[in-house]
Amino acid sequence: MLRLVAIVLLCGTAFGQRNATEAEIKAKDLTVLPTGAGLPAGHGNAVGGKDLFKEKCAVCHNDHGEGREGQYVALVGGIGSLKTGKPVRTVGSYWPYATTIFDYVRRAMPYDHPRSLSADDVYSACAYILFLNGIITETQEMNEKTLPQVKMPNRDGFVPDARPDVKSKR
Amino acid sequence: MKEIRQNRRRFLALGAGLATLSACKKETSEIGAPVRAYGDRSPLEKAARDVRESITPGTSSTRTPLQDLDGIITPSSLHFERHHSGVPNIDGAKHEILVHGLVEQPLVFTMDDLQRLPSVSRIYFIECAGNSGAELAGNPQADAQKSTGLLSCSEWTGVPLSTLLKAARLKPEGKWIVAEGADACLMARSIPIEKALDDVLVAYGQNGEPVRPEQGYPVRLVVPGWEGNINVKWLHRIHVVDQPSMTRDETSHYTDLMPDGTAQKFTFVMEAKSVITRPSGGQKLTAGPGVYEIRGLAWSGRGKIQRVEVSTDNGQTWTDAELQSPILPMAVTRFRLPWQWSGKAATLQSRCTDETGYLQPTIDELQAVRGTHSQYHCNGIKVWSVKEDGSISHA
């Protein structure tokens, strides 16, 4: 086993794998980091985002991101509720990074047509969701520079896992 | 003559794979069904996954019928499912895995390339982080499938992820990987490089066959002992990065909200847990008072199960159960204990200890620390209530 692994390491393509090209990496790389690394060029604000949202997102998330009771969770509201007896986890109240909104919308939304939105569309959708949550203004432009600078209300709410946190005794 | 025709009809029916219930007998002098290319269980056997309805079926889940299974391997057909945008239909002959980012040489592996690499087979459980979430929220479920069925255990075959990463020659600043699936939502999770280089498998085999489509065909990650969601299915991209991506499924989902309003992130390990599967909720002690064998499963994301204790008297006294070999790290372990049922109402519960000395807590102990809104990573003790008529449900 070790010898075989050594052969893989020494011979590079001894087992057939090929070198990836710059072009195919660029085509497939969708990773976005909280620093903004990986965000594409583009821009949008909540004014444009409102129309886009109504057309592409509201069928599930409702016109103002309030969701649909018992069917689709809300994207809006709940800020300040996390330490109460009835916490409401939404993009606005719970998500720590605005870059995650871009990443998720770009890779997975709209649910039935993922990756059909342009970069400008995704920035617009992000701006509208952030605006609905009162985190940015309606005309504030979101782009690859400004989006990572948005401080989400729950940015500092995530702490490292403390396992084992529950210590049972015999 | 008539009998011969009937037999012939029955023979043809069986040959066509149409074995019917009327064809099943205690014993027979009739010639049985001929060979067939791909086997199936007796038509009398009905154990099935519990399908959860969802307004978007592609985001739904199914649960393994733990109470109907023996041994430690979950039949592939009964492995639990949880998808985020359905089961993609992927052609393994065209599938590739891209390894890129903080590496000296970005590489592309086809399935043929993976098959040529040194392979390993390991038995590991996979448990959804949301398993038993209802129990934690104070809504105990009526049977083992509903309470604990987002757990399955398979023999996985594949290539250590470290082999792929080392072939691409990691740069020292590479501290995390982002693993991405090829399903419609391209579900992605970040994994620390230490784990990625330790025991993570790039698995193409499940219980001796190619991984099932709903388990990630043609290839998935198996991340031993860690929450199910991070075992990325339909794996097609591994991106070496210097920090976690903070994807939706490691922020919005699979994080535990504590009573003080903070949320715990990167809770990867599924802590030690056990459940009695027989006798358990939904079953009935139809033979009346007498000896029954209590059986169940125990597992820990931190290694091997060291001990399982069973109580039949509301937790007042505990008796060590026998552990059945093999006892493997990050796999389920079978336990058993004979029990004399008096015919009176009783409660049945198990608690396990893993090789680190960690003792499985009660639901109350979990709630005292984590409250009732943390949703995920519930490993509390499951208690079954036996009534005088022998019927069993949750306590």
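What covers the buried residues of helix 7 of chain B? Helix 3 (133–136) and strand 14 (256–257) of chain B are included in that cover, and we will come back to this helix below.

## About the model

This is a predicted model, in which local features need pLDDT of at least 70 and side-chain atom pairs count only at pLDDT 80 or more, while totals for chains, interfaces and linings use all residues. Residues are numbered from 1 along each chain as its sequence is written, and chains are lettered from A and ligands numbered from 1 in the order in which they are written.

## Chain B as a whole

Chain B contains seven helices and 24 strands (DSSP runs numbered from the N terminus, H or I of at least four residues for helices and E of at least two for strands). Its radius of gyration is 23 Å, close to the 21 Å from the globule rule for 395 residues, so chain B is as compact as a globular protein of that length. Here the radius is taken over C-alpha atoms, and the rule is 2.2 Å times the number of residues to the power 0.38.

Of the 395 residues of chain B, 50% count as buried; buried means 20 or more other C-beta atoms within 10 Å of the residue's own, exposed means 12 or fewer, and partly exposed lies in between, with C-beta atoms placed from the backbone.

Six strands make an open, mixed sheet in the order 1(A)-5(B)-4(B)-13(B)-8(B)-9(B). Its edges are strand 1 (18–19) of chain A and strand 9 (188–192) of chain B, each pairing on one side only. Strands pair if DSSP finds at least two bridges between them.

Strand 1 of chain A runs antiparallel to strand 5 of chain B, joined by two bridges, and A:Arg18 sits opposite B:Val108. Within chain B, six bridges link strand 8 (residues 176–181) and strand 13 (residues 235–241) in the antiparallel sense, with B:Leu235 as the bridge partner of B:Gly181.

## Where the chains touch

In all, 53 residues of chain B are in contact with 48 residues of chain A (C-beta atoms, placed from the backbone, within 7 Å). Elements that each supply at least two residues to the chain B side include strand 4 (96–101), strand 5 (107–110), strand 13 and helix 7. That side has 24 nonpolar, 19 polar and ten charged residues; Ala, Val, Leu, Ile, Met, Phe, Trp, Tyr, Cys and Pro count as nonpolar, Asp, Glu, Lys and Arg as charged, and the others, Gly among them, as polar.

## Helix 7 of chain B

Back to the opening helix. Helix 7 (residues 363–370) of chain B has B:Ile363, B:Leu366, B:Gln367 and B:Arg370 as its buried residues. They span an arc of only 95° around the axis, which puts them on the same side of the helix; the arc is that of the directions from the helix axis to the C-beta atoms. The face turned away carries the exposed residues B:Asp364 and B:Ala368. After the helix comes B:Gly371, with a positive phi near 70°.

## Backbone details to look for

Most residues other than glycine have a negative phi, and most peptide bonds are trans. B:Met246 has a positive phi near 60° and is buried, with 21 other C-beta atoms within 10 Å. B:His377 also has a positive phi near 60°, and counts as buried with 29 C-beta neighbours inside 10 Å.

In chain A, a cis peptide bond joins A:Met109 and A:Pro110, with omega about -10°. Another cis bond joins A:Arg163 and A:Pro164, where omega is about -5°.

How values were computed
Contact = placed C-beta atoms within 7 Å.
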